[in-house]
Each structure stands twice: as C-alpha cells, then as structure tokens.
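Please look over the sequence and structure, then read the notes below.

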Amino acid sequence: MAERHPSPGAAAPPLFGLVLAGGRSTRMGRDKAALTYGDGTPQLERAMQLLAPHVARAFVSVRSEQADDPVRARFAQIRDTRENIGPIAGLLAAQAQHPDVAWLVLAVDLPLLDEATLAQLLKARAPARTATAYRSSHDGEPEPLCAIYEPASREPLAAYVGAGRQCPRRFLAESDALLLDEPNPRALDNVNTPQEYGSVMSLMDRKSSGEPKRQPSSEAKRLTVQYYALLREQAGRREEALVSGARTPRELYAELARRYPFSLGPEVLRVAINAEFGDWSTPLADGDAVVFIPPVAGG
C-alpha cells in the first residue's frame, strides 16, 4: 500500500509524545528510568516534563510487567505488544493505538537532552516526510530515539519489522527522513552503563558549580577528549583521558595532531567544551570534556 503523505498546504497531523521506558537496563544494572541526576527527579519524570508541553498527549512506553512500577504508573502508558525487538516495539504499539497522529519519540536515557535541541527538532518538522530526526555527531547516522515519526511511517515500519528487521536507525537511513545537525553535540548521548552515568554526573556537577570565567593557563590539566567520525578512525579510539598543558582547544588539537595522523585542519572542524559549542580560543580548565567534530556529509 502506498504511503500517505499530507498534501501541500494541508494541516500537519496532530503530534503525540512517547518516552521509551520499556528496556531492561541490563548494562546499567538498575532501572535507567529511575536514575536521578542531581535534583532527585527520576529521569523518566524529567523526560516527560521536557516532552509534555510540545505534544497534545504524552505516554510512556512500557512492558506489561512494568505497568505497576511506581516510577511509570503515574503516567499514561502504552504497553508493548511485541517482545525482544528492542525500542522499536514501543513505537509499533503507539502507532497501532493511534495510527493517524505523528509521534515525537524520546528514549528515557538521554539526561543531557535540552530544550533547545527539542525545539529545533519541532521547528524543522517535515510532515511530508516519513520522519524528522537528528544526524548523529558521532557517526553521521540517524538518531532514531529523539525523532518525529509521521503517520506515513506506520505501514513501512510494520513491514520492516515483519521482514525480521529491528533497527530503527537503519529504518530511518533507508527512508526519506529529514536529518538535521545537532545543535548540542552531547544532547543525544545515552547513558547505558554505570561508567557513563558517572561521567554525566561529573559533567553536570561542573556546569552547575558556576565556575568563574577562566583565563588561559599552561598548567597541566586533566582533560577528556572525544573523537567523532573520521577523527575517531584516525585516532583509533572514541574517547580518552589525558593530561595536557594546552591552553585552548586549538593548542590541544595541535598537540593531538602530532600524535595521531589527523588529516583535517581546525578550520573545517567544530569544537565543543562541556557539551556546548565553543571557540578554538576558549580557555581550557582542569576537568574539561572536549569534543572535536568533523563535517558530516549527507542530505
């Protein structure tokens, strides 16, 4: 059956929201929906607070045995009808219950997701496309768990799963989804392990401490550096912790370029410090997390 897209000038379908909270949190060892990040608010509640103002109705996706869990029970729910197919089960169940609406889908494990990232997604929504999603800053592939799925995606998605496929990222990559660049390079970093949880907590602590504006210093600093796309391949790693006397991201990149066979110059890269895009001359301080982001090809 052919996909049904809104005709030019037609009103966009209503938008409902869905927080995917039906996972088993195996790698974390405890329920990711119940994790707190500083203020005592469970992550599921925070996600719902972020989502609800932008949609007509908001739901939590759960497995049947999670329905009475205190963290989830206070919210309207949609129960999975398929087992062992991952997060795509939640979207399928939601589309089956409300087939004529679009769904703004969020994973529950995105503690760095901010209002600006969500607002840009909503502003760029393309109802005539299958979906609107972000392009990952890590590898350029679609980010399927912070995305808007239009009603036209329902039948192709059901057929995709019916063919034995389960990866929502590949579904978006093979569809006519509109892909956007992330305004915040870490907003869609998910937290799956205790180590990742600790890293995010440390980052939030630094941002909330209200550190005064810093001046460049050549003193040794403990830094965490993340590499994306081509840089990750050339460095042979995604992340590393190091001690450096570099005063700015430009000096740090020059230092790293002497160690790794980087083929890109700073003029074609973006840099972020502690999850915020910055300037190459921004002073670095002890404990900073620095991200170097190459340009991503694709439309």
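The largest nonpolar core has 29 residues, and the members that touch the most others are L44, L104 and C146. The model described here is predicted.

**Nonpolar cores**

- In soluble globular proteins, nonpolar side chains tend to be buried together.
- Apart from neighbours within four places in sequence, L104 is in contact with L15, F16, G17 and L18, with L51 and V55, with L118, L121 and L122, and with A147 and I148.

**The chain as a whole**

- Nine helices and twelve strands are found in the chain.
- The radius of gyration is 20 Å, which agrees with the value near 19 Å that a compact globule of 299 residues would have.
- Along the principal axes, the C-alpha atoms fill a box of roughly 60 × 40 × 35 Å.
- Of the 299 residues in the chain, 49% are buried.
- Among contacts with a separation of 6 or more, 69% join residues 24 or more positions apart.

**Surface and charge**

- The chain has an accessible surface of about 14000 Å², and carbon and sulfur atoms account for 50% of this surface.
- There are 35 positive and 37 negative side chains, and the centres of these two sets are 1 Å apart.

**Two loop residues**

- G29 sits in the loop between strand 1 and helix 1.
- The relative accessible area of G29 is 66%, so G29 counts as exposed, the cut-off being over 50%.
- P194 is 165 residues away from G29 in sequence, yet their C-alpha atoms are 7.9 Å apart in space.
- Q66 lies in the loop between strand 2 and helix 2 (70-73).
- Q66 has a relative accessible area of 8% and is therefore buried, a term that applies under 20%.
- Leaving out neighbours within four places in sequence, the contacts of Q66 are A21, G22, G23 and R72.

Conventions
Residues numbered from 1 in each chain as written. Predicted model: local features only at pLDDT ≥ 70, side-chain atom pairs only at ≥ 80, totals over all residues. Heavy atoms only, no water. Core = buried A, V, L, I, M, F, W, Y, C linked by side-chain atoms within 4.5 Å. Buried < 20%, exposed > 50% of the residue type's maximum accessible area, 1.4 Å probe, protein only. Contact = heavy atoms within 4.5 Å. Helix = DSSP H or I, 4+ residues; strand = E, 2+ residues; numbered from the N terminus. Rg over C-alpha atoms; globule rule 2.2 N^0.38 Å. Areas by Shrake-Rupley, 256 points an atom, 1.4 Å probe, with all protein chains shown as cover. Lys, Arg positive; Asp, Glu negative; His and termini not counted. Charge placed at Lys NZ, Arg CZ, Asp CG, Glu CD.
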